[in-house]
Amino acid sequence: MDNTTLSKIGTIFYALVIGFFGINHFLNGTGMQKMVPSFLPGGVAWVYITGACLLLAAIAFLIDKQVRLAGLLLALFLLLIVLTVHLPAVLNAPDSSARRFPMTNLIKDTGLAAAAILVAARRG
């Protein structure tokens with residue numbers, strides 16, 4: 001299999017994962033509301049807005065339209081979440097047990113941001 005085919009397959013898998021996370025924002029919006037930084041007014045609205053953004057990025061990847069822009073914006077979004085949600089949760093956790101979940105999310109979203117950059121680079 002050549003690199004172009006592998007890249008397309010990887011992008012499709014990645015789009016499905018990102019789409020799943022987007023749908024999850026709508027299915028669990030009120031539960032995710034507590035993760036919205038306190039300096040942002042609007043609470044659960046941000047969960048739904050970010051869910052829509054995740055879905056739009058996934059669609060862009062699947063239909064191969066605006067892939068570079070969607071990948072770069074998705075990476076920016078994920079890195080902002082790492083810095084404003086996950087890192088503060090790691091730093092403010094009372095003990096190592098409470099630190100596990102936010103640390104896992106920090107690493108996961110950093111990896112997803114890196115993958116978004118790779119998808120964007122495919123369209124460079």
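A: Helices here are DSSP runs of H or I with at least four residues, numbered from the N terminus, while strands would be runs of E with at least two. With that settled, H4 gives the most to the lining of the largest pocket, namely 12 residues. A bit of housekeeping: this is a predicted model, where local features need pLDDT of at least 70 and side-chain atom pairs count only at pLDDT 80 or more, while totals for chains, interfaces and linings use all residues. Residues are numbered from 1 along each chain as its sequence is written, and side-chain values use heavy atoms, with hydrogens and water left out.

Now the pocket itself. The largest one holds about 1200 Å³ of space. Its lining has 41 residues, and the closest to the centre are His 25, Thr 50, Phe 77, Ile 81 and Asp 109. A pocket, on a 1 Å grid over the protein atoms alone, is an open set of points where a 1.4 Å probe fits, with protein on both sides within 12 Å along at least five of seven lines; lining residues have an atom within 4 Å of a point. Grid points are joined across faces, edges and corners, and the volume is the space filled by probe spheres set on the points.

Sorted by class, the lining has 28 nonpolar, 10 polar and three charged residues. Nonpolar covers Ala, Val, Leu, Ile, Met, Phe, Trp, Tyr, Cys and Pro, charged covers Asp, Glu, Lys and Arg, and the others, Gly among them, are polar.

Asp 64 counts as partly exposed because its relative accessibility is 31%, whereas Gln 66 is exposed at 60%. The cut-offs are under 20% relative accessible area for buried, over 50% for exposed and partly exposed in between, with a 1.4 Å probe and protein chains only.
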